[in-house]
Amino acid sequence: MLPFTITPVSGEIFEETIDGYFPLSQSIWQMMERNQFGTALISIVQTPIMKIPDLAPTSPVPLRIKKGWAGTISKMAFIAIMQNEGLICGGLGHWTWFTSKDNHDDLFDPMTRLAEPAFIRGIGLHKGDFKTKSFGALCLKADSHIAIASNLNGQTSDTYGANDQWKAAKLWSMGNHRGTKIYRQTQADKGVYFGSDAPSAIKARADFTNDKEFICTLGTAASSMIDQRRIENLRMDLNGAGFNAIRK
Amino acid sequence: MISQELNDKITRIGPTTSAGKVLRHYWQPAAVLDELDETFPYPINLMGERLALLKDAQGHFTLATRKSNADEAPTHHPASDTIEILEDHPPYPTMVKAGIVFAYLGPGAAPEFPNFDCFRAPDSHSFAFKGLWQCNWLQALEIGIDPAHASFLHRFLEDEDPKDSYGKQFRDKAADTDIPMTKVLREYPRPDIKVEETDFGLKITALRHMDNDLTHVRVTNQIFPEAICIPMSREMTITQWHVPIDDENCYWFTIFTSFKMAVNKQLMRTQRLNEHRLPDYAPVKNKANNYHYDPDEQANVTYTGMGLDINVHDQWAVEGMGAIQDRTQEHLGRSDVAIIRYRRMLRKAIEAVENGQSDALPMYGDHDLKQMMGPLSNDAIAETQDWQEASWQYDMTRRSECPWDAKVPQ
């Protein structure tokens, strides 16, 4: 018995370079449009950022910057969801401003501009008609190696979902910080979670039993080397924690 | 468009600087054996430090700190009998590889060398040289990991007979065709660029989609922290370090590695000595003489008008950015993807060293450096749908025909 249902959806484990100099949320929006993602878990590490006072978010960045301040996102992970009213980003991160009092801010402003193009990694879920509670409308795909794991309303399952070919799976979650904001990560935050060794262990963790949906990657015999490497790289970017999997 | 503080962090290389600490975790080329005239101590200016190479009776080198004046020129080359060794500074260990004396200026035990082709090839198939560029090491490196620049900066308006191409970059035929490389670069100037992180750095693949569903595949590599490995011709690869002398000057050190045929060292050396001045290996063409710029040549022969040696084109481009490129005013684009990936890797390495996590550095930790071979570095022309297999197969064929052991794990 699994402590949730698994629904395969169309998606990909991606690596992308997003444009610099725009606000982060704008560059993420463009990336998601380019790839037809409705939702994506995104990791950014070691990325320079800048703030230019009195510059509207829609204005082009000037050729020469005469005032402003700079910083770095050392590590950040968030789930971005395309909604009619705009892009919603919720997650955790570490960032530093070199010359500003803002280092005590608990929230990261997604309108912060990138100071150069940024390489990002993540898991993207394609837009579609299948409505989820947490991730908007996605596209069902039976043979996908990406899925939504759900234990909403105490859902469990006797089967392993439409894609019964997987041998192991990982859950990806922002823990208690799934929401609409990017918070400064504290020592109390565990960061991004990856599931656990067995369904029973997952069930025992409060983070995974609280009426939630999770992005899930399924390991199948047909998983490509590229995807396996990309998952490993993503895991390393996120927290370098040990490999945890749900095994069939 | 990064801040001055961040630019300083990734460019400056003194012993207490962020990037300097990262670079010191790796072996650094200090001298080519060819420049040593058996008169020791031999002055070496490296990583902002004033040093001198010593040689003991058994022929082993060590690199010691020498007394110097703060206002010495970056390439100051004092006579051996005027060099005073500072005995209170422990000497740095050295290792001779492929005609270059490498030195380790970092903390702890020196790491092993990876088993790259340039270190495996026998002396007969290897040739080393160096040259001075008057700019920061990072901009010198970054031009080498930008596959798009070759179609512009190194554009030749006419194609040379490839039989005159020996020892010259981009002047051979492309792969197994009769198409000159200069023509490929000229006619297909906008490559698709793919970048993969590897255990040693980055693998950079430039795809130039040609007519008839063919694709030119050029694989180059960034070897962390400041080297590149690129194809020079069908026969040879170039492994090149951009080694800081100080913050505003660097030497390129190159190992030319030949697969099938022994290297004609005499010709290679003569070609390069015609372009450089000893003892400091300063280029004959330089900023002071406008790099011998010739507008007629620019109109009819080359994109730059600075002669046929592509090293001069690169030298002009990177020195023209200033002693340390002002990245507070730069605007990188999507084609700069390898530069973006490299800087990310460098900043991660800086953070790792600052946090005392040297094991997280590329080629540190659990890697078995004896098994780190290659890297694949070649040009191939293939049917577009088959470019990956063709590139790999081309490399395997070249290795199988090689008289020295160039085999790599499958």
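Visitor: Which element gives the most to the lining of the second largest cavity?

Guide: Keep in mind that this is a predicted model. The general idea is that rolling a probe the size of a water molecule over the atoms shows where empty space is left. In this case β2(B) gives the most to that lining, with 5 residues. The second largest cavity holds about 160 Å³ of space. Among its 19 lining residues, B:Pro43, B:Ile44, B:Asn45, B:Lys130 and B:Tyr251 are the closest to the centre. Besides β2 (42–46), the elements giving two or more residues are β1 (28–32), β12 and β13 of chain B.

Visitor: How do the residues lining the second largest cavity divide by class?

Guide: Into 12 nonpolar, 4 polar and 3 charged. Now try the largest cavity, with a volume of about 220 Å³. Its lining has 19 residues, and B:Tyr26, B:Trp27, B:Pro114, B:Phe224 and B:Met363 are the closest to its centre. By class, that lining has 16 nonpolar, 1 polar and 2 charged residues.

Visitor: How many cavities of 30 Å³ or more are there?

Guide: The count comes to 5.

Visitor: And pockets? What is the volume of the second largest pocket?

Guide: A pocket is an open set of points, whereas the probe cannot get out of a cavity. Here the second largest pocket has a volume of about 680 Å³. Of its 41 lining residues, B:Gln169, B:Ile238, B:Asp309, B:Ile310 and B:Asn311 are the closest to the centre. Elements of chain B that give two or more residues include α4 (137–144), β12 (236–246), β13 (249–258) and α9 (310–319). The lining divides into 18 nonpolar, 13 polar and 10 charged residues.

Visitor: Let's move on to the interface. How many residues of chain B are in contact with chain A?

Guide: 21 residues of chain B are in contact with 28 residues of chain A. Between them the chains bury about 2,200 Å², 51% of it on carbon and sulfur atoms. In chain B, B:Met1, B:Arg334 and B:Arg344 lose the most area to chain A, together 31% of what that side buries.

Visitor: How many salt bridges are there between chain B and chain A?

Guide: There are 7. One to look up joins the side chains of B:Arg344 and A:Asp237, at 2.6 Å from N to O. On the side of chain B that touches chain A, the largest share, 8 residues, comes from α10(B). By class, that side has 6 nonpolar, 4 polar and 11 charged residues.

Technical notes
Residues are numbered from 1 along each chain as its sequence is written. Chains are lettered from A and ligands numbered from 1 in the order in which they are written. This is a predicted model: local features need pLDDT of at least 70, side-chain atom pairs count only at pLDDT 80 or more; totals for chains, interfaces and linings use all residues. Side-chain values use heavy atoms; hydrogens and water are left out. Contact means heavy atoms within 4.5 Å. Buried area is the accessible area (1.4 Å probe) that two parts lose on being put together, summed over both. A salt bridge is a side-chain nitrogen of Lys or Arg within 4 Å of a carboxyl oxygen of Asp or Glu. Helices (H or I, at least four residues) and strands (E, at least two) are DSSP runs, numbered from the N terminus. Ala, Val, Leu, Ile, Met, Phe, Trp, Tyr, Cys and Pro count as nonpolar, Asp, Glu, Lys and Arg as charged, and the others, Gly among them, as polar. On a 1 Å grid over the protein atoms alone, a cavity is a set of points where a 1.4 Å probe fits but cannot get out, and a pocket is an open set with protein on both sides within 12 Å along at least five of seven lines; lining residues have an atom within 4 Å of a point. Grid points are joined across faces, edges and corners, and a volume is the space filled by probe spheres set on the points.
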